[in-house]
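Here is a quick tour for anyone meeting this structure for the first time. Have a look at it, and then we'll walk through a few spots together.

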Amino acid sequence: MLIAGDWVVPVLGEPIRDGAVVVRAPVIADVGPLEAMRERYPSLPVREHPGCVIAPGLVNAHTHLALTSVARVVGRAPFPEWLGRVAAVMRVMDADDIAASCTHGALLSIRAGVTTVGDVAYGPEAPAAAADLGLDGVFFFEVLGIEAEELPQRLAEMEYPQDGESCRAGRTVCGLTAHAPYSSGPGLIQAAYGLAQQRGVPFAMHLAESDAEIRLLDSGSGPFVSLAARLAHGFAPPACGPVEYVHRLGALRGVIAVHCTKATEREMSLLAREAAGAVLCPRSNRILGNGAPPVRELRARGVRLALGTDSLASNDDLDLFEEARALRRLDATIEPQRLLSILTIEGASVLGVEDRVGALTPGRYADVIAVQTGPTDDPVGALLEHGRAATVRTVVSAGVLRVADGKPTVLSRPIEHASARVAEKAARALESA
Ligand SMILES: [Zn+2]
């Protein structure tokens with residue numbers, strides 16, 4: 001199939017007026033002006049998109065699809081209290097509930113033009129549910145609150161793939177994450193990081209997200225003291241910031257650092273030098289009262305950046321275009337090209353999957369979106385201004401049509417109903433607790 005529009009924005013390469021992407025599932029075969037592509041591939045059908053910009057599927061580099069169904073039940077609260085509510089709700093969700101929640105999250109993501117995620121997973125449900133709907137990426141199996149020696153057992157319980165090859169099979173990558181310095185002890189962080197290195201998979205951590213975290217590490221005080229005593233076995237306040245702490249543990253090289261709202265200047269230099277990059281979640285930070293990521297400073301230091309919505313429990317939606325506009329409100333000097341790159345190829349490179357997604361070039365997976373912008377001479381600007389779930393007309397992932405004429409190609413009602421049932425169950429459990 002040919003996916004044609006007023007403009008094709010390949011990201012790597014200049015925008016093409018009246019362009020088309022040639023899809024031979026699961027990959028992109030060619031990209032160029034529509035007329036030339038028609039001549040070269042006369043037998044292929046053309047999906048035309050007048051008034052649309054064609055772009056790569058977006059990369060939402062940090063989310064928790066498993067929390068989609070229970071987002072409203074968790075509600076809004078200051079960060080330390082909110083974390084407790086998330087933990088309480090998670091405890092009542094069984095594997096079926098998590099699968100239903102992840103499926104709903106994957107549907108909302110695809111609907112908004114996201115085709116790659118960096119998702120925090122608690123078992124095999126998230127990657128399986130996401131792949132069913134055409135959403136792929138890196139699924140970070142999360143550990144916290146255990147001793148380092150318990151890691152193999154916990155990973156076996158979560159059905160984490162047994163060897164490096166199965167962790168990286170196909171489009172889905174199974175990475176690892178030790179949740180955060182206040183919930184994973186130093187030994188566990190090192191063990192999980194070491195295993196990720198050994199398997200050749202990405203490793204992520206929530207780092208420098210809140211004042212509570214900074215106080216705990218700096219002086220062993222504040223609202224996270226009892227949480228850390230319960231969960232972070234062997235933790236002693238290092239009297240430095242979280243990024244520096246992970247660096248001292250020998251676990252910063254190649255790490256995907258999520259949030260970084262409270263990173264110091266020195267830590268930003270460390271991130272630029274050592275980390276795979278930082279995933280910024282500006283709306284989640286604001287909603288949880290954690291301030292704002294230092295976008296301009298991170299850019300000045302040369303930190304590679306990705307963008308994430310975080311879970312629906314700390315955001316209004318899973319729409320990465322909205323997240324991009326929130327980022328631009330924090331740093332109006334960011335160039336449109338750079339912002340688009342963060343949403344696509346740079347985000348993919350932070351996740352370590354830039355060789356297969358994030359740009360419209362032959363050989364990459366055919367993850368393609370068409371966004372209604374109206375007539376424009378500035379396709380990148382128009383995409384960033386008008387992009388939102390409601391203007392995404394077509395989504396193709398790995399060459400398969402997932403959204404057509406603005407509607408998902410799967411039946412969304414049953415998915416929404418199953419998700420609503422999970423929410424009711426969680427609400428009842430929280431009430432009786
Ligand atoms: Zn998170």
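Asp405 sits in the loop between strand E15 (400-404) and strand E16 (407-408). Helices (H or I, at least four residues) and strands (E, at least two) are DSSP runs, numbered from the N terminus. This is a predicted model, where local features need pLDDT of at least 70 and side-chain atom pairs count only at pLDDT 80 or more, while totals for chains, interfaces and linings use all residues. Residues are numbered from 1 along each chain as its sequence is written, and side-chain values use heavy atoms, with hydrogens and water left out.

Back to Asp405: its phi is positive, about 50 degrees, although it is not a glycine. Asp405 is exposed, with a relative accessible area of 51% (buried means under 20% relative accessible area, exposed over 50%, partly exposed in between, with a 1.4 Å probe and protein chains only). Glu159 also has a positive phi, near 60 degrees, and is a residue other than glycine. You'll find Glu159 in the loop between helix H6 (151-157) and helix H7 (164-167). Its relative accessibility is 55%, so Glu159 counts as exposed.

## A cis peptide bond

Next, look at the peptide bond from Ala25 to Pro26, which is cis, with omega near 5 degrees. Pro26 belongs to the loop between strand E2 (16-24) and strand E3 (27-33).

## The zinc site

Which residues are the protein donors of the zinc ion? They are His62, His64 and His206, each through NE2, lying 2.1 to 2.2 Å from the ion. Donors here are N, O and S atoms within 2.8 Å of the metal (3.2 Å for Na, K and Ca); water is not among the atoms, so sites may look incomplete.

Along the chain, the donors follow the spacing H-x1-H-x141-H. His62 lies in strand E5 (residues 58-63) and His206 in strand E9 (residues 203-207), so the pair ties together parts that are 144 residues apart in sequence. Both His62 and His206 are buried.

## Helix H4 and its partner

Helix H4 (residues 95-111) packs against helix H5 (residues 125-133) at an angle of about 40 degrees, with their axes 8 Å apart. Axes are lines fitted to C-alpha atoms, for helices over the stretch in contact, and angles run from 0 to 180 degrees between N-to-C directions. H4 and H5 are therefore oblique to each other (angles under 35 degrees count as roughly parallel, over 145 as roughly antiparallel, 65 to 115 as roughly perpendicular and the rest as oblique). Among the H4 residues that meet H5 are Ile98, Cys102 and Leu107, and the H5 side includes Ala126 and Leu133; contact means heavy atoms within 4.5 Å.

Ser101 is in helix H4 too. At 0% relative accessibility, Ser101 counts as buried. Leaving out residues up to four places away in sequence, Ser101 touches Leu65, Ala66, Leu67, Thr68, Ser69 and Met93.

## A buried glutamate

Is Glu267 buried or exposed? With 1% relative accessibility, Glu267 counts as buried. Glu267 is part of helix H12 (residues 265-274). Not counting residues up to four places away in sequence, Glu267 touches Gly241, Pro242, Val243, Glu244 and Lys262. Leu227 is 40 residues from Glu267 in sequence, and the two are 24 Å apart in space, C-alpha to C-alpha.
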